[in-house]
Amino acid sequence: MGFYHVKHGHRIGGDAERIKAGIGRFAEKENRRRPGKQALTLTGIRLKEPAMQATSESAPPGAPRGQWGSRIGFILAASGSAVGLGNIWRFPYLTGENGGAAFVVVYLCCVVLLGLPLLFNELALGRRSGQDVIGAFRATRPGTAFVVTGWLCLACCFFVLSYYSVIASWTVGYTVASLLHVKLVFEHFAANPWFVLPLFAFFMALTVLIVEGGVERGIERWSKILMPVLILLCGVVILRSVTLPGAAAGIKYYLHPDFSKITGDVVMKAMGQAFFSLSVGWGLMITYGSYMAKRQDIVSSGAWVAGVDTLVAIMGGFMVFPAVFAFGLTPDAGTALTFKTLPAVFERMPAGMVVGAAFFFLLGIAALTSTISMLEVPVAWLVDEKKWPRRRAAWVVGTLAFVAGIPSALSVGGTAWLSQLSFAGKTGFLDIIDQIFGTTIILLICLLSSIYVGWIWGPQPAVEEIAASSAWFTRPLLGKLTPATLWKFFIRYLCPGIVFAMLLNMLGIKLF
Ligand code: PFF
């Protein structure tokens, strides 16, 4: 039972020492006497604070809740969630479509002014409650209608997982094809259910296998392996890309902003991308925050996550633009940039097949660390609230997400009516579901959660939660101005105001 104290004692905050000294000895004896029943003693201790209601990883109900084994483990797992197709596929093509460097500047402002405050918001809510996305709202302010935000988070993670894994599975096909020196024609490949469905099933199964391993032994362990591999491969591909003859034009395009290109629409897309990329507005950071130890610094860990995510997005641009310009192609091919333009680039460059395989493999890894986190949100809810064993929760949600993803998999040419379906200006089932869950509902969640923390729960408990591990958060910066005051302003006024304006914009009421 010493295990419990080392791994979980700090969840109990100020009580930890007393518990270690007193109840700890009792717990040890008790658990030796009744192996497998640790929960009995722990639950008794935990009842004092809702955040400490114990739940299980893959253990029986009442056993200790999962927790990150280390700070670096959390940073890698959360940045693994943040770094995904959004950085290497979506960010470069949005940059290409929206004016290059000017888009990058607006994007960086959005990350700092909106993304970071919302990230701290979710982490504080998660750690304070120590619960899943639904439980977090119920535990912090019982009885409000804002619990609907938690349900929206569950829906978003589930539906985005369903189509995101389809795109992720294409990367497996492209990696294998590059290794075998086979040229894939995107339209034929994506439209062929005999390729796409088995790859999709494989990718989903991989995700489930990692999530069923639990927080520390599954997600954290694999993130620690996959993230360094990803950064290394990014470095290799960038090196190849920037050393191609003619690459300078791409670097210039990427680094020299033309501010006349910034329009209301560009700002909106940059904001949407910042939320997508940082994984805020999905309840993911609430769930991952709930596995954080009390002593772990929310501000610096959150800043690390945002920093790694932004770095990889910027690296994504350095992989793509120099190579695209070097071969005289255009960077505005939209979603096709990664799966059509880049293979054409790899085909023409020396050692292109190896670089291509490395690129698609790293894209697959980035996607995997993201799908893991999307699956974790509903799994945590089933484990926490419905007391399901983790393994069952992971396989059931994974199977349902696979079934829900079949229409997306068949909507890129596979089946005519699914491919031609149109709604809200989008064509094809996959794009429609992305617009609904991956864009609009995310904004709604960001709006509701900032109103919830800023006005309903009140920002003070969140400030206390953040300051518990970052004392400087409440210390004056300038006169009476503290980082906490600034954060409160952002979360109460700036974030909800801007996100509300974006939602109106999306509904056709153009404010800018
Ligand atoms: N941030 C991921 C990306 O950029 O691809 C997408 C994502 C992953 C969003 C996990 C939400 C989430 F829970």
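Helix axes here are lines fitted to C-alpha atoms over the stretch in contact, and angles run from 0 to 180 degrees between N-to-C directions. Helices themselves are DSSP runs (H or I, at least four residues), numbered from the N terminus. The model is a predicted one, so to speak of local features takes a pLDDT of at least 70 and side-chain atom pairs count only at pLDDT 80 or more, while totals for chains, interfaces and linings use all residues. Residues are numbered from 1 along each chain as its sequence is written.

Take H6 and H18 to start with: their axes lie 8 Å apart and the helices pack at an angle of about 115°. On the H6 side, Leu-85, Asn-87, Ile-88 and Trp-89 meet Leu-363, Ala-366 and Ala-367 of H18 (contact means C-beta atoms, placed from the backbone, within 7 Å). This contact has 6 nonpolar residues, 1 polar and no charged ones; Ala, Val, Leu, Ile, Met, Phe, Trp, Tyr, Cys and Pro count as nonpolar, Asp, Glu, Lys and Arg as charged, and the others, Gly among them, as polar.

H6 also meets H14, with axes that come within 11 Å and cross at roughly 175°. That makes the two helices roughly antiparallel (an angle over 145 degrees). Gly-86, Asn-87, Arg-90, Phe-91 and Leu-94 of H6 make the contact with Lys-269, Gln-273, Phe-276 and Ser-277 of H14. By class, that is 3 nonpolar, 4 polar and 2 charged residues.

Then there is the ligand, surrounded by 15 residues (C-beta atom, placed from the backbone, within 6 Å of it). Gly-84, Gly-86, Ser-279, Leu-284 and Ser-370 are the closest. Helices H5 (71-82), H6 (85-97), H14 (264-278) and H18 (352-385) each give two or more residues to this shell, which has 7 nonpolar, 8 polar and no charged residues.

Methods. Two residues are in contact if their C-beta atoms, placed from the backbone, lie within 7 Å. Angles under 35 degrees count as roughly parallel, over 145 as roughly antiparallel, 65 to 115 as roughly perpendicular and the rest as oblique.
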